[in-house]
There are 4 protein chains.
Amino acid sequence: MELGLIGLGKMGGNMRERIRRAGHTVIGYDRNPDLADVHSLQELVDKLQAPRVVWLMVPAGAPTQQTVDQLAEVLSPGDVVVDGGNSRWTDDVTHAKELAAKGIGFVDAGVSGGVWGLENGYALMVGGEAEHVDRVKPVFDALKPAGEYGYVHAGKVGAGHFAKMVHNGIEYALMQAYAEGWELLEAAEVTTDVRAIFSSWKEGTVIRSWLLDLAVRAMDEDAHLEHLRGYAEDSGEGRWTVEAAIDHAVPLPAITASLFARFSSRQEDSPQMKMIAALRNQFGGHAITA
Amino acid sequence: MELGLIGLGKMGGNMRERIRRAGHTVIGYDRNPDLADVHSLQELVDKLQAPRVVWLMVPAGAPTQQTVDQLAEVLSPGDVVVDGGNSRWTDDVTHAKELAAKGIGFVDAGVSGGVWGLENGYALMVGGEAEHVDRVKPVFDALKPAGEYGYVHAGKVGAGHFAKMVHNGIEYALMQAYAEGWELLEAAEVTTDVRAIFSSWKEGTVIRSWLLDLAVRAMDEDAHLEHLRGYAEDSGEGRWTVEAAIDHAVPLPAITASLFARFSSRQEDSPQMKMIAALRNQFGGHAITA
Amino acid sequence: MELGLIGLGKMGGNMRERIRRAGHTVIGYDRNPDLADVHSLQELVDKLQAPRVVWLMVPAGAPTQQTVDQLAEVLSPGDVVVDGGNSRWTDDVTHAKELAAKGIGFVDAGVSGGVWGLENGYALMVGGEAEHVDRVKPVFDALKPAGEYGYVHAGKVGAGHFAKMVHNGIEYALMQAYAEGWELLEAAEVTTDVRAIFSSWKEGTVIRSWLLDLAVRAMDEDAHLEHLRGYAEDSGEGRWTVEAAIDHAVPLPAITASLFARFSSRQEDSPQMKMIAALRNQFGGHAITA
Amino acid sequence: MELGLIGLGKMGGNMRERIRRAGHTVIGYDRNPDLADVHSLQELVDKLQAPRVVWLMVPAGAPTQQTVDQLAEVLSPGDVVVDGGNSRWTDDVTHAKELAAKGIGFVDAGVSGGVWGLENGYALMVGGEAEHVDRVKPVFDALKPAGEYGYVHAGKVGAGHFAKMVHNGIEYALMQAYAEGWELLEAAEVTTDVRAIFSSWKEGTVIRSWLLDLAVRAMDEDAHLEHLRGYAEDSGEGRWTVEAAIDHAVPLPAITASLFARFSSRQEDSPQMKMIAALRNQFGGHAITA
């Protein structure tokens, strides 16, 4: 089939390649003309035969909103827009409504795969009405990993990004789990080869996983991770997961702890611990460290 | 080689079988005569040719201590005792010293594998001196999973159980991570097929793992886990992990949250939340629920 | 001075009384005619001399929004509206803008005091422009506790409810702290009179506080809180505190733990712990509790 | 009455002064001859009339153990030893047994008060048999704050230090609560005078407390605590509280979070966050910060 693809960065570029390898036609647009197949959204639309499918891989928030606004102008009734970016699921509902007013369908797609996606496939979590999802199905099939898994129609509009958001929330806590265990093993005197311990866990244990494999890879490159700083950004999905949990009164202690650990990792000095130091000094005369 | 194996319960019985399949001779002793090959520790020792290797699979704590005490009496210098149970790693140091006084070697082995071990192999984390560990190596090779991984000599005496303890601590938090994500997906209205979402994650995602596969298996049997109670025991290793972390001033927020979630799950009613209810009533006149 | 007061429930009724005791004129309106001094908003406005000050004590969300909308219609330029309810601070900004378009000022006031406020005074945290805040100052002075403290002009519009929100977030964690300590003392065998311990802490300790006094009061009425259920609602401010923290990338581990403890207290059975139970059963054959 | 006091440091010295002000005789011993009234334990014992009461204010652990060992040699049956230091409550049981073998009584006393104790009194939590506790009562009365509160006989041997340990665990979480709220207020743009907000809370609020007063004092000296580093030691009691909770399967999320926040505050760089950074880089090609 034919697909318009907007946004050809690291993710979008590799996805174009994987979809083409599956025999589909992809017409890509990007602000960067070196990456683009066409030079404007209008040209993209003109080159695609109606009813069109146009897939967005642009940054969440304002850039996605602007692109949806523009597409609402240039697309035709019966076309379908897929948002494959990292949009907050609540935005999907807004975008779907805006496009529906023009007779344009909307599908949200959470995409996982990172730098490994081109070769191994991208896991896809999709939300929207069945008739719209079905229209994009050949592209989903091209992108997803081989085999039975790696694709789900998770529910109505927003369900794709919601499922991807929860995926990322879980990911935060899984990473934190290995990181905590690793720090403890490194701190203990009795265990002398932490890399070998992690490596041994790759078979026969309850905790074997792809993330464990990656941890071993990282230690193979730098046994004690001495060349890294303990600093981690967060991409938004972790925050949204906690906020969604609060909305539903669902306790998420491990995921939230993982999010907060990232916040702390980015502070030069901890303001709240200044207050702790101040209070200890006030009541106990404990020495303070200036 | 020849091995004496003490404790032929669910784990020990399966391990005897797997070691025998590898061509070794196992003489098993258990209090339950229906399971045992011999009828006393003395008979076990008599039937093994010195220098002997005797493997314990008995409950941690007093039963293991008693067995070590008895073996210190009946074994000979040059023999090696392996504790494959769930002993706390600090006990290993005591046991090793007690046996060393009699010229008997000691190896601690953390064993992972559960009900899947007989077919897939048992992951082994081993602590002790190289000369003792080497003596047991053929049995370790028989027990471990096929392939490159699943076995590590993690350090000196205690390192095997320490590594297994941390493995279990990590396991607690991994399970908690999936459990939290699952509860949130079930609570949300937008995602309509949570089992399908989890199942889709088995390929192409960052969070694919054996535990995820098991979560899907559980949902295949009972889609919303309606036939289960939200109740979880803890086996000791999670507690010891947190205690070891406290000893080393290592923060373990996600693992500790997972341990506390299990504690809470076993309370009919939460005492601390009674105090919260009492305080809210005192200052705000908030209705209390009796 | 003269004040219009809308909402004469538990809080509003006591506040009317305290303001009157200070010598001011309060004209109260409530949907419930038994509580009200006037029978409509219009009548309230007519009875007050311009420029008017009208104080809202109605539930946050839709009821407050509707009242603000109505007041925007019936009030005159130069009047000032005070929202003393539990509104989210972000709503204040909306309300201020809406009223400013009509030349009406807006002040947000977080009010603490509960059932003790009538006698002891209400702590007030206020946001808004100085000229509007100054207009309401005599009422603030009437409501606040005697002495130097208990009132703050915390910043621009929204700052009052923001400060009150953080106050409540802190309150959650303070309560949780005492509740955790209390549960541990009750669980221990060595401490035989927990009420006496808490009571002794009222003087000379680092942890003496009004909440501690209330905890002792509660135990004086019911020594082991046996007549209470461990169940706690949350009023919104705790959730908003965590959300504000996430917006600012501030880690709030203790406050968030306190919020989640309340969520858990309201669950008949914990869904996430069902998943833990399911996983333990899958890999370890651990018995499950149905 | 007559009291022997061993350990005349910051705490012990002030306590000697307060007991003397109440009209009792205190004979103090310290390794530092400039502080001591006598020059050896033997001299201390000789100067006291039997049956004696000897109070220890020496560091917990080995120093306390050594002093108890020495006192077991030099004291007589019928004498009573009071440990007022920061001993772990489990040590009390050992010490009581050791002394009981010589006919010497033992009382453990948790002492709170810090630099404010001399003037305001020391809160006392006491464990031991009634006959021993009664012997020390006049000294307890001299040390405790004026009024009804500030002293409790909390239970049998160990109960005093256990209650003091829980007191400190609660203290950790109370401090953390204020510190989190403070950091959030400082981070928010809407609240412009955080010191004034905290100060206003001193009256009429649910969260008023002595720790709040101290927080305001600290801000009065350094409005934004800019001259402090966010670094906090922990004294042992917080760790023991969590360990005691684990022993009793009591969940302590807020107290434990507070302990872990201190651990983190002392790390130059977070090892566990290095692993998070490594994993993010492995799967997502996320830039790493070296």
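By what turn, and with what shift along the axis, can chain B be laid on chain A? In this predicted model, a turn of 180 degrees and a shift of 0.0 Å along the axis place chain B on chain A with an RMSD of 0.0 Å. The two copies are therefore related as by a two-fold rotation axis. Both copies also use the same surface, since 99% of the contact residues of chain B recur in chain A.

Let me turn to the extent of the interface. Contact involves 67 residues of chain B and 66 residues of chain A. The size of an interface is often expressed as the accessible area lost when the parts come together. Here, chain B and chain A bury about 5700 Å² between them, and 74% of this lies on carbon and sulfur atoms. Within chain B, the residues that lose the most area to chain A are B:Leu184, B:Val190 and B:Val206, which together account for 12% of what that side buries.

Which kinds of polar interaction join the chains?

Finally, I consider the side of chain B that touches chain A. Several elements of chain B give two or more residues to this side, among them strand S6 (123–127), strand S7 (151–155) and helix H7 (159–187). The largest share, 18 residues, comes from H7(B). By residue class, this side divides into 40 nonpolar, 18 polar and nine charged residues.

Conventions
Residues numbered from 1 in each chain as written. Chains lettered and ligands numbered in written order. Predicted model: local features only at pLDDT ≥ 70, side-chain atom pairs only at ≥ 80, totals over all residues. Heavy atoms only, no water. Least-squares fit on C-alpha atoms with pLDDT ≥ 70 in both. Contact = heavy atoms within 4.5 Å. Buried area = accessible area lost by both parts, 1.4 Å probe. Helix = DSSP H or I, 4+ residues; strand = E, 2+ residues; numbered from the N terminus. Nonpolar A, V, L, I, M, F, W, Y, C, P; charged D, E, K, R; others polar.
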